[in-house]
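Dear colleague,

I am handing over the structure we spoke about, with the sequence alongside. Below it you will find my notes on what turned up.

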Number of protein chains: 2
Amino acid sequence: MGERTFTCGLDAAIAVMGGKWKGLILFALQDGPLRFGELRRAVGTISERMLILQLREMQTAGLLHREVYQQVPPKVEYSLTEFGRSLNDAMAPLGAWGEDHLERIEAIPFE
Amino acid sequence: MGERTFTCGLDAAIAVMGGKWKGLILFALQDGPLRFGELRRAVGTISERMLILQLREMQTAGLLHREVYQQVPPKVEYSLTEFGRSLNDAMAPLGAWGEDHLERIEAIPFE
């Protein structure tokens, strides 16, 4: 575990995103807070274990806020911080590009 | 090796980018064609082996064009296709976000 230096902004942004899940989680939360189960359904194929890991990393990075409501049964909600919202906004054009070229991308022979 | 289906455009776009290198290579080529050695210096810390691999994958994905000039010694140049240029444009806001938050990102305790 340690701090990193980056060669450019894109490098840094991709390190924060760290794979496909974080982007999808940010996207799922853009319209408001969600509970763990709601988030898992919204993200789709992610496993419970992987979602827990990603949420923890995103809290550490300051992208997410985790709110615990002391009630019976206790309720936990995840929401975007301002930092998380700014990353989500910055990713939006990339998401739109993927939408626009989905057929072409799906035809690429990924290794 | 095979085709994939994606849950959304962002998922698809991230699959095409596939890690940090492709974004940096697109960025390096945005002002015009480069030869292998020029590209390697522009990208920075990438190994020769990794750059060869990334360039091959990006050609397969239709992001890059590889032009061989029959001269002595032979000259090979890499350039963005229209598809590659559109991805580079879509990534620009993410790169700018990384620039804007570089200090904060570098302070994140990545695992």
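Predicted model: local features only at pLDDT ≥ 70, side-chain atom pairs only at ≥ 80, totals over all residues.

As for the interface itself, 42 residues of chain B are in contact with 42 residues of chain A. On the side of chain B that touches chain A, at least two residues each are supplied by α1 (9–17), α2 (20–28), α4 (48–60), α5 (82–100) and α6 (102–106) of chain B, and α5(B) gives the most to that side, with 11 residues. Sorted by class, this side of chain B has 25 nonpolar, nine polar and eight charged residues.

One of the contributing helices, α1(B), deserves a separate word. It is mostly covered, in that eight of its nine residues are buried, namely B:Gly9, B:Leu10, B:Asp11, B:Ala12, B:Ala13, B:Ile14, B:Val16 and B:Met17. The cover over these buried residues comes from both chains: it includes α2, α5 (82–100) and α6 (102–106) of chain A, together with α2 and α5 of chain B. After α1(B) comes B:Gly18, whose phi is positive, near 50 degrees.

Turning to chain A, A:Gly19 is found in the loop between α1 (9–17) and α2 of that chain. Is this residue buried, exposed or partly exposed? A:Gly19 has 13 other C-beta atoms within 10 Å, and because a residue counts as exposed at 12 or fewer and as buried at 20 or more, A:Gly19 is classed as partly exposed. The C-alpha atoms of A:Gly19 and A:Glu99, which are 80 residues apart along the chain, are separated by 18 Å.

Finally, there is a helix pair within chain A. The axes of α2 (residues 20–28) and α3 (residues 36–43) of chain A come within 9 Å and cross at roughly 115 degrees, and α2(A) passes α3(A) in a right-handed crossing. On the α2(A) side the contact is made by A:Leu24, A:Ile25 and A:Ala28, and on the α3(A) side by A:Leu39, A:Ala42 and A:Val43. By class, this contact has six nonpolar residues, with no polar and no charged ones.

With best wishes

Technical notes
Residues numbered from 1 in each chain as written. Chains lettered and ligands numbered in written order. Contact = placed C-beta atoms within 7 Å. Helix = DSSP H or I, 4+ residues; strand = E, 2+ residues; numbered from the N terminus. Nonpolar A, V, L, I, M, F, W, Y, C, P; charged D, E, K, R; others polar. Axes fitted to C-alpha atoms, helices over the stretch in contact; angles between N-to-C directions. Left-handed = near helix turned anticlockwise from the far one by under 90°.
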